[in-house]
Amino acid sequence: MHQYEKDGPAIYRQSFATIRAEADLAGLPADVSQVAVRMIHACGMVDLVKDLAFSPNAVADARAALRAGAPILCDVAMVASGVTRKRLPADNDVVCTLSDPSVPELAAKMGTTRSAAALELWRDRMEGAVVAVGNAPTALFRLLEMIEEGAPRPAAVIGVPVGFVGAMESKEALAEHPSGLEHLIVRGRRGGSAIAAAALNAIASEEE
Ligand SMILES: C/C1=C2N=C(/C=C3N=C(/C(C)=C4\N[C@@](C)([C@@H]5N=C1[C@](C)(CCC(=O)O)[C@H]5CC(=O)O)[C@@](C)(CC(=O)O)[C@@H]4CCC(=O)O)[C@@](C)(CC(=O)O)[C@@H]\3CCC(=O)O)C(C)(C)[C@@H]/2CCC(=O)O
C-alpha cells in the first residue's frame, strides 16, 4: 500500500505552504506575490520568482477588467481549458480563436503561424480585454504588431510563452513596448500554458 495525501484541499494547503517557505517572495508587491504563488504551483519551480517581471498595475488592472466583465483572450486551447470558470468574477467569456476554420488559410495568406493569424479574429474583442499568451511566441509578437497598427488596447497581458525560438524575445518586446501595455511576464525560456492559466486563475480570485 502506498501512503499518500488524498485530501485535495490538504494537498493545496501543503503546496502553498511549501511555496511560501521556499520561494523568495519578499520583493514582490502583495498582489503579484499571490499570483506568483499560483504560477509556481503550476510548474513546481520556486526560483521562477527571479524571472518574473511586471508593470505596476498589471494585476490590479487585469482584476478590475475581469470584474467589469472583460473577455479573456487566449493564444491556445490549453490556456483556455486551464481557466477555472467558477473563479471568474463576471462569468467572463474565455476566447481562443486558434481552431476557427478560417485560421489555416489566414496563416498561409499572412505567411505566419496559425497561432499568430488567429489574433486577427480577436480585433473586435480586444478593447479592455485580458490577454493570456502561454504557448506561442509568434502570437505575442503579433499582438504587439497589432497594437502598433492601431488595434484596440487590452487592459493587461499575461505574456508567458515558452520555448527556445522567440519566447524570450517576445516577452522582452512586451515588457519594453512603447505602448506601455500592462504586463506580467516570465523572462527567458520558461513559461507555458499551465503557468498562464494559473496566473489568470489567481488574478480572477484573491482566494488561494
Ligand atoms: C513552435 C511551436 C511551439 N510549441 C511549443 C510547445 C507546445 N505546443 C504544444 C501544442 C499541442 C501546440 N502548439 C501549437 C501552438 C504550435 N506550436 C508551435 C507552433 C508551430 C508555432 C507557434 C509559435 O512559434 O509561436 C504552433 C502551430 C501554429 O501554427 O501556430 C499548436 C497549435 C500545434 C497543433 O497542435 O496544431 C498546439 C496548440 C493546441 C492548443 O490550442 O492548445 C505542446 C503540447 C507540444 C506537443 O504537442 O508536444 C507544447 C505545450 C507547451 C505549453 O505549455 O503551451 C513551443 C515550445 C512553445 C514552441 C514555440 C517555441 C519553440 O522554441 O519552439
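**R123 and its network.** I started at R123, which counts as partly exposed at 30% relative accessibility. Salt bridges that share partners tie E120, R123, R142, E145 and E149 into one network. The model I am reading is a predicted one. I then asked how many salt bridges the structure holds. The count is 10.

Next I looked up A151. Where does A151 lie? A151 sits in the loop between α7 (137-148) and β5 (156-159). Is A151 buried or exposed? A151 is buried, with a relative accessible area of 9%. I set aside residues up to four places away in sequence and listed what A151 touches: R123, M126 and M146. So R123 turns up again here, as a contact of A151 that is itself partly exposed at 30% relative accessibility. I also took the distance from A151 to W122. Their C-alpha atoms are separated by 9.7 Å, and the two residues are 29 apart along the chain.

**D51 and its two partners.** I moved on to D51. At 16% relative accessibility, D51 counts as buried. One partner is K50: the two form a salt bridge, with the closest N and O atoms 3.8 Å apart. K50 is exposed, at a relative accessible area of 61%. Another partner is R190, whose side chain meets that of D51 in a salt bridge of 2.9 Å, N to O. This pair links distant parts of the chain, 139 residues apart. R190 is in the loop between β6 (183-186) and α9 (193-204). D51 is in the loop between α2 (30-43) and β1 (52-54). R190 counts as buried, at 19% relative accessibility. The cut-off for buried is under 20%, so R190 falls within it.

**K171 in α8.** K171 lies in helix α8, residues 167-175. I noted that K171 is buried yet has no salt bridge. Which side chain of opposite charge is nearest to K171? That is E172, at 7.8 Å. A salt bridge needs a nitrogen within 4 Å of a carboxyl oxygen.

I then asked which backbone oxygens the side chain of K171 reaches. The backbone oxygen of P161 lies 2.9 Å from a polar atom of this side chain. The backbone oxygen of V186 is reached at 2.8 Å.

I widened the view to the helix. In α8, the residues A167, S170, K171, E172 and L174 are buried. What do the buried residues of α8 pack against? They pack against α7, β5 and β6.

**The cysteines.** I looked for disulfides and found 0. C74 is in none, and the nearest cysteine sulfur, that of C96, is 6.5 Å away. A disulfide would need the sulfur atoms within 2.5 Å. I compared their surroundings too. C74 is buried, with a relative accessible area of 1%. C96 counts as partly exposed, at 24% relative accessibility.

**T84.** I made a stop at T84, in the loop between α4 (77-82) and β3 (94-95). T84 is partly exposed, with a relative accessible area of 26%. From T84 I took the distance to N135, 51 residues away along the chain. Their C-alpha atoms are separated by 18 Å.

**The record.** Last, I checked UniProt. An unreviewed entry there places the feature "domain: Cobalamin biosynthesis precorrin-8X methylmutase CobH/CbiC" at residues 11-205. Over residues 11-205 I read the chain as 45% helix and 10% strand. How far apart are the end C-alpha atoms of residues 11-205? They are 19 Å apart.

Key:
Residues numbered from 1 in each chain as written. Predicted model: local features only at pLDDT ≥ 70, side-chain atom pairs only at ≥ 80, totals over all residues. Heavy atoms only, no water. Buried < 20%, exposed > 50% of the residue type's maximum accessible area, 1.4 Å probe, protein only. Helix = DSSP H or I, 4+ residues; strand = E, 2+ residues; numbered from the N terminus. Contact = heavy atoms within 4.5 Å. Lys, Arg positive; Asp, Glu negative; His and termini not counted. Polar contact = N/O pair within 3.5 Å; in protein donor to acceptor, adjacent residues only side chain to side chain. UniProt positions renumbered as here; feature names shortened; annotations may be inferred.
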